[in-house]
Amino acid sequence: MTDEKLAVVVLAAGQGTRMKSATPKLLHPLAGAPMIAHVLATARELDAAYVVAVVRHERDQVAEAILAEYPDAIIVDQDEVPGTGRAVEQAVAALPDDFDGDVLVLNGDVPLLNAGTLHGFLERHRDATSVASVLSAVYDDATGYGRIVRTAEGALDRIVEQKDATSEELALQEANAGVYAFGVQELRDQLANLTTDNAQGEKYLTDMIALLRRAGSEVSAVPVSEPWLVAGVNDRAQLSEAALRLNALIIRGWQLNGVTVQDPASTWIDLKARIAPDVTILPGSHIQGATVIESGAVIGPDTTLLDCEVGAGATVKRTDATLSVIGAGASVGPFSYLRPGTALGADGKIGTFVETKNATIGEGSKVPHLSYVGDATIGEGANIGAGSIFANYDGVNKHHSEVGAHVRTGSHGVFVAPVRIGDGAYTGAGTVVRKDVPAGALAVNVAPQRNLPGWVQQHRPGSAAAEAAEAAAPAATDDETDAG
């Protein structure tokens with residue numbers, strides 16, 4: 001049910017210079033989704049009446065990502081006045097004039113903060129009838145964070161930024177997490193009083209606490225249970241730390257749901273993946289995007305699946321697969337490369353050093369070794385011989401080939417598309433198939449074999465091969481020259 005008394009403001013205007021990246025900080029991926037998407041997903045779970053996102057740096061890219069995750073978000077452009085206080089001021093101005101609830105302020109670069117923690121924070125804020133509440137965290141070393149300054153009685157007095165803090169204030173261990181809840185009317189009344197009279201020349205949202213205190217309003221600070229919940233991401237090292245923490249949570253969730261993850265330290269699973277109970281994931285495996293894995297499948301070791309579907313009881317070993325479907329009971333790998341458009345039928349096989357693309361391989365069919373299958377349809381029960389190539393590209397266009405049911409192709413064959421091999425047909429080893437093969441036919445194009453006796457002794461005299469040939473048999477006579 002929508003909370004008509006709640007508006008969420010997401011601060012997404014920062015430049016993120018410490019990332020040293022051409023990609024906006026908030027668009028760096030985390031568990032398969034942009035960082036900002038995690039914050040918006042949390043906002044969605046709060047069922048707020050309004051979600052307002054404030055943008056500035058790389059405005060169009062960031063706004064597009066926000067609307068992709070949360071289409072109903074209100075996008076607000078921060079103007080030339082710097083600071084989080086100014087960002088919130090503009091966000092509040094975008095809310096309807098008759099909104100009279102609470103404004104929850106979140107940061108777009110704090111991706112691990114969950115809805116459960118925020119629900120508890122809002123409940124405490126509302127139960128205490130505080131005009132403003134601040135989420136805080138206690139650190140062994142709070143360097144870099146604004147400090148929470150409390151009164152002698154333990155109540156929140158003010159927040160002081162690192163650059164403006166005294167030596168005594170810098171020694172404090174409780175820090176501002178950058179998450180706030182405000183009563184909207186009191187927030188509107190005091191935002192106009194924010195100034196840029198500070199070390200960074202910005203409108204600090206943190207100054208709102210002191211302003212509200214001077215106005216006689218009640219404010220409070222609520223510590224989180226674990227500091228990592230409110231950890232911000234400002235550089236690549238912090239992004240990696242957040243990814244490790246989130247991945248550990250994702251893996252633990254799947255383990256508790258009946259999935260065996262043999263080595264969590266080397267396994268990565270994206271948030272959108274879906275894994276059934278009794279799946280086994282072996283070391284070095286990456287389950288990415290919206291991959292779905294059904295019960296009893298074994299994935300890995302050393303396997304990457306991106307946006308794939310894996311059927312029940314299938315095995316996928318040392319394989320890289322993207323946008324592919326692997327049927328129930330099928331076997332893939334080791335060292336297989338499944339490109340987009342691959343569909344392997346139930347109980348089928350794609351084996352060692354096989355590459356596929358836009359290929360539909362029927363139920364029980366096998367491509368066991370050293371082959372390339374591109375732009376092809378293979379019927380059920382077929383066997384493609386080792387070293388086979390589907391030559392699908394003529395230098396300008398791609399062409400499609402069809403292989404019927406229960407076809408057997410010899411090793412080292414080439415199928416020059418477009419071509420069709422009928423049901424039950426065979427092809428001989430080394431055959432280059434340029435024409436359609438009728439059902440039940442054998443296709444061969446082998447030239448007569450010629451043996452040239454004495455060639456090694458004549459052309460490689462003194463070599464080990466020549467000496468071995470001399471010892472094995474006398475030189476052939478002229479009558480033996482043509483054995484074909």
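The largest share of the lining of the largest cavity, three residues, is supplied by helix α1. The model discussed here is a predicted one.

Q: What makes a space a cavity, and how many cavities of 30 Å³ or more does the structure hold?
A: A cavity is a set of points where a 1.4 Å probe fits but cannot get out. The structure holds one such cavity of 30 Å³ or more, and the largest cavity contains about 50 Å³ of space.

Q: Which residues line the largest cavity, and which elements give two or more of them?
A: The lining consists of H38, V39, T42, L106, N107, V110, P111, L113 and V179. The elements that give two or more residues are α1 (35-45) and β6.

Q: What makes a space a pocket, and what is the volume of the largest pocket?
A: A pocket is an open set of points with protein on both sides within 12 Å along at least five of seven lines. The largest pocket has a volume of about 1,600 Å³.

Q: Which residues lie nearest the centre of the largest pocket?
A: Of the 41 residues in its lining, R18, T84, N107, D109 and N234 lie nearest the centre. The elements that give two or more residues to this lining are β1 (3-12), α3 and β10 (174-183). Strand β10 gives the largest share, four residues.

Q: Which residues does T84 contact, leaving aside its neighbours within four places in sequence?
A: T84 is in contact with L11, K203, Y204 and L205 when those neighbours are left aside. Between the C-alpha atoms of T84 and Y180 there are 12 Å, while the two residues are 96 residues apart along the chain.

Q: Why is the pair of Y50 and F99 called edge-to-face?
A: Planes over 60 degrees apart count as edge-to-face. The planes of Y50 and F99 stand at 90° and the ring centres are 5.8 Å apart, so the pair is edge-to-face. The structure holds five aromatic pairs.

Q: Why does the pair of Y50 and F99 tie together parts that are apart in sequence?
A: Y50 belongs to strand β4 (residues 48-55) and F99 to the loop between α3 (84-93) and β6 (102-107), so the pair ties together parts that are 49 residues apart in sequence.

Q: How do you know whether Y50 and F99 are buried or partly exposed?
A: Buried means under 20% relative accessible area. F99 has 5%, so F99 is buried. Y50 has 27%, so Y50 is partly exposed.

Q: Why is the pair of Y139 and Y145 called stacked?
A: Planes under 30 degrees apart count as stacked. The planes of Y139 and Y145 stand at 10°, with ring centres 4.6 Å apart, so the pair is stacked. Y139 is buried, with a relative accessible area of 13%, whereas Y145 is partly exposed at 26%.

Q: How do you know that the charged end of K398 sits over the ring of Y393?
A: The distance must be within 6 Å of the ring centre, and the charge must also lie within 35 degrees of the ring normal. The charged end of K398 sits over the ring of Y393, 5.6 Å from its centre.

Q: Which residues of the largest nonpolar core touch the most other members?
A: Of the 95 residues in this core, V8 and L104 touch the most other members. Helix α8 (residues 236-256) gives the most to the core, with seven residues.

Q: Why is K20 called exposed?
A: Exposed means over 50% relative accessible area. K20 has 71%, so K20 is exposed. K20 lies in the loop between β1 and β2 (29-30), and K20 has a positive phi of about 50° although it is not a glycine.

Key:
Residues are numbered from 1 along each chain as its sequence is written. This is a predicted model: local features need pLDDT of at least 70, side-chain atom pairs count only at pLDDT 80 or more; totals for chains, interfaces and linings use all residues. Side-chain values use heavy atoms; hydrogens and water are left out. A nonpolar core is a set of buried Ala, Val, Leu, Ile, Met, Phe, Trp, Tyr and Cys residues joined through side-chain atoms within 4.5 Å. Buried means under 20% relative accessible area, exposed over 50%, partly exposed in between (1.4 Å probe, protein chains only). Rings of Phe, Tyr and Trp (its six-membered ring) pair if their centres lie within 6.5 Å; planes under 30 degrees apart count as stacked, over 60 as edge-to-face and the rest as tilted. On a 1 Å grid over the protein atoms alone, a cavity is a set of points where a 1.4 Å probe fits but cannot get out, and a pocket is an open set with protein on both sides within 12 Å along at least five of seven lines; lining residues have an atom within 4 Å of a point. Grid points are joined across faces, edges and corners, and a volume is the space filled by probe spheres set on the points. Contact means heavy atoms within 4.5 Å.
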